[in-house]
Amino acid sequence: MASKTCKEHGMNQQQQLQHYVLRLGDTPLILAQRLCEWCGHAPEIEIDLALSNIGLDLLGQARNFLSYAAELKGAGCNEDKLAYLRDEREFSNLLLVEQPNGGFNDTLVRQFFIDAYHVPLYSALTQSRDPQLAAIAEKSLKEALYHLRFSRNWMVRLGDGTAQSQQKIQQSIHRLWRFTGELFHGDEIEIDLSEAGIAVDPRALRDIWLQTVTETLEEATLTLPEQAAYRLGGKQGSHTEHLGLILTQLQFVQRAYPNSQW
């Protein structure tokens, strides 16, 4: 049942679901675009191939979620229109994934934080009362488990490596920590749908995420930040200055040559 706030905005459960699925698709879409920037530039070929493969996995997840969101929206909508014809304020990805790649240390920490979130999220979504959402989550979970294994192993390897590698990883953790609070901030859409057994209440994911992060940082001889994670707004379309630049690259061909097909 929709909350009072959603009712006031004229949003029924199917519209809530469409917005929720769109969020699930936007986050891997933007992260995939970020990771593709590493192609040919990673510090070694093993990492180059791994980041490219993870990016392709994320793009596949985005396509599945966006295709379902387009189906729910109807009116001739499709995954390409959602990816290429929306403006910045219409995207609802998490702020964390739009942050710049920086060095490999920044990319790694960003990836680890989101992987540690995706695993419990997709695991819980496999129990969704929406069969299509559950099926997408089941496929995505298999990929997310590999992604987490990759990013976690590199966190430990670099954190417990040289003094310089440890310092760089620690700096990245402190730099990106402020964006992690949004992962567990639930709004009316998520709470309403979770009460209906369709979505996952993100607040329920925080403890398992924090356990994964804490155990990994301890093994990597790294420190958990004490500062509060306070940046919010991505789910509601309020983004950092970085998303506009990402969309300029992502949407260039479709914007320059409208209605192109391939």
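Me: What classes of residue make up the lining of the second largest pocket?
Reply: In this predicted model, that lining has five polar, three nonpolar and two charged residues.

Me: Which of them are closest to the pocket's centre?
Reply: The second largest pocket holds about 200 Å³ of space. Ten residues line it, and D80, K81, Q254, N259 and S260 are the closest to its centre.

Me: And which helix gives the most to the lining?
Reply: Helix α4, residues 79-84, gives the most, with three residues.

Me: Switching to the whole protein: how many helices and strands are there?
Reply: The protein has eleven helices and zero strands. Along the sequence the pattern reads α-α-α-α-α-α-α-α-α-α-α.

Me: What does the radius of gyration say about the fold?
Reply: The protein has a radius of gyration of 18 Å, which agrees with a compact globule, because a globule of 262 residues would have a value near 18 Å.

Me: What does the C-alpha trace span, then?
Reply: Along the principal axes of the protein, the trace spans about 55 × 45 × 30 Å.

Me: How much of the protein counts as buried?
Reply: Of its 262 residues, 54% count as buried, meaning under 20% relative accessible area.

Me: Last one, on contacts: what share comes from residues 24 or more positions apart?
Reply: Counting contacts with a separation of 6 or more, residues 24 or more positions apart account for 79%.

Note on methods. Residues numbered from 1 in each chain as written. Predicted model: local features only at pLDDT ≥ 70, side-chain atom pairs only at ≥ 80, totals over all residues. Heavy atoms only, no water. 1 Å grid on protein atoms, 1.4 Å probe; cavity = no way out; pocket = protein on both sides within 12 Å on 5 of 7 lines; lining within 4 Å. Points joined across faces, edges and corners; volume = space filled by probe spheres on them. Helix = DSSP H or I, 4+ residues; strand = E, 2+ residues; numbered from the N terminus. Nonpolar A, V, L, I, M, F, W, Y, C, P; charged D, E, K, R; others polar. Rg over C-alpha atoms; globule rule 2.2 N^0.38 Å. Buried < 20%, exposed > 50% of the residue type's maximum accessible area, 1.4 Å probe, protein only. Contact = heavy atoms within 4.5 Å.
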